[in-house]
Amino acid sequence: MAERNDILKKIGEWLQPENFQDYCPNGLQVEGTSEINTVISGVTASKALIEAAIEANADMILVHHGYFWKGEDQRIQGMKRERLKQLLDNDINLVAYHLPLDDHPDYGNNRQLANILNIKNPRPLGGLVWEGELEEAMSPEKFGLHIARQLHREPLWVGEGPAAIKRVGWCTGAAQGFINTALDAGLDAYISGEISEPTTHTARECGIHYYAAGHHATERYGVQALGKALVEEFGVTHEFIDCDNPV
């Protein structure tokens with residue numbers, strides 16, 4: 001058992017959310033019980049994840065995508081009401097970290113994706129974009145198959161880059177707009193979660209391979225790493241629940 005506030009303080013020390021200008025509040029979003037035994041982590045605080053957490057008798061849900069995004073309807077009704085009601089009725093804390101969890105050098109989504117894809121020497125390139133190298137150069141087709149095997153999701157591959165891929169850049173989630181950072185660094189390929197209409201033309205005309213590997217699929221790993229760290233630090237029980245999302 002651990003105290004909620006002790007957990008929040010420690011995560012704050014690790015992720016330092018005060019250093020980020022984010023689109024949502026980071027940290028405790030919905031307050032529940034003060035004593036934490038079981039932490040359930042997931043990508044998004046959906047109804048399905050909340051229901052799974054209730055079934056697991058969770059005291060805390062730890063996610064990357066929480067609530068209260070800038071520009072959203074502030075009224076508590078419909079889907080938002082139902083989600084909040086389930087949390088409050090069951091005294092479950094909702095804790096969310098967005099950009100701080102993308103960027104962390106150990107627990108972050110970008111660092112963890114490098115581990116999953118076996119990208120060597122992973123390091124920040126600029127902003128939230130990271131870069132690294134493949135152990136051996138791969139053809140674009142083989143690299144796409146590698147991503148599919150590791151993430152269990154076939155990526156969408158566009159672009160007309162080099163015949164062999166060695167130097168790659170990436171940023172998880174909806175970071176297709178950062179492709180120019182990879183171009184400026186002269187990388188062979190860039191990976192993110194989603195794709196927009198202009199991304200295809202940029203990749204083709206500027207000579208880079210782009211892989212849209214899934215917003216959900218690329219951001220499953222940060223919360224898992226953070227949950228494991230909480231187990232080691234506080235002795236709580238942790239389980240990651242993957243509520244599948246094809247996007």
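This is a predicted model: local features need pLDDT of at least 70, side-chain atom pairs count only at pLDDT 80 or more; totals for chains, interfaces and linings use all residues.
Biologist: How do you know that the length of helix H1 agrees with its number of residues?

Modeller: Helix H1 runs over residues 4-15, and at 1.5 Å a residue its 12 residues should span 16 Å. The end C-alpha atoms are 16 Å apart, so the two values agree.

Biologist: Which residues of H1 are called buried, and what cut-off makes a residue buried?

Modeller: Buried means under 20% relative accessible area. In H1 the buried residues are Arg-4, Ile-7, Leu-8, Ile-11, Gly-12, Trp-14 and Leu-15. They lie on the same side of H1, because the arc they cover around the axis is only 160°.

Biologist: What follows H1?

Modeller: Gln-16 follows H1, and its phi is positive, near 50°.

Biologist: What makes up the lining of the largest pocket?

Modeller: That pocket holds about 250 Å³ of space. It is lined by 15 residues, and Tyr-23, His-98, Leu-99, Asp-102 and Ala-174 are the closest to its centre. Strand S5 (60-65) and helix H4 (99-103) are the elements that give two or more residues to this lining. By class, the lining has seven nonpolar, six polar and two charged residues.

Biologist: Which element gives the largest share of the lining of the second largest pocket?

Modeller: The largest share, three residues, comes from S4. The second largest pocket has about 150 Å³ of space. Its lining has 14 residues, with Val-43, Thr-44, His-216, Cys-243 and Asn-245 closest to the centre. This lining divides into five nonpolar, seven polar and two charged residues.

Notes:
Residues are numbered from 1 along each chain as its sequence is written. Side-chain values use heavy atoms; hydrogens and water are left out. On a 1 Å grid over the protein atoms alone, a cavity is a set of points where a 1.4 Å probe fits but cannot get out, and a pocket is an open set with protein on both sides within 12 Å along at least five of seven lines; lining residues have an atom within 4 Å of a point. Grid points are joined across faces, edges and corners, and a volume is the space filled by probe spheres set on the points. Helices (H or I, at least four residues) and strands (E, at least two) are DSSP runs, numbered from the N terminus. Ala, Val, Leu, Ile, Met, Phe, Trp, Tyr, Cys and Pro count as nonpolar, Asp, Glu, Lys and Arg as charged, and the others, Gly among them, as polar. The expected span of a helix is 1.5 Å times one less than its number of residues. Buried means under 20% relative accessible area, exposed over 50%, partly exposed in between (1.4 Å probe, protein chains only). The arc is that of the directions from the helix axis to the C-beta atoms.
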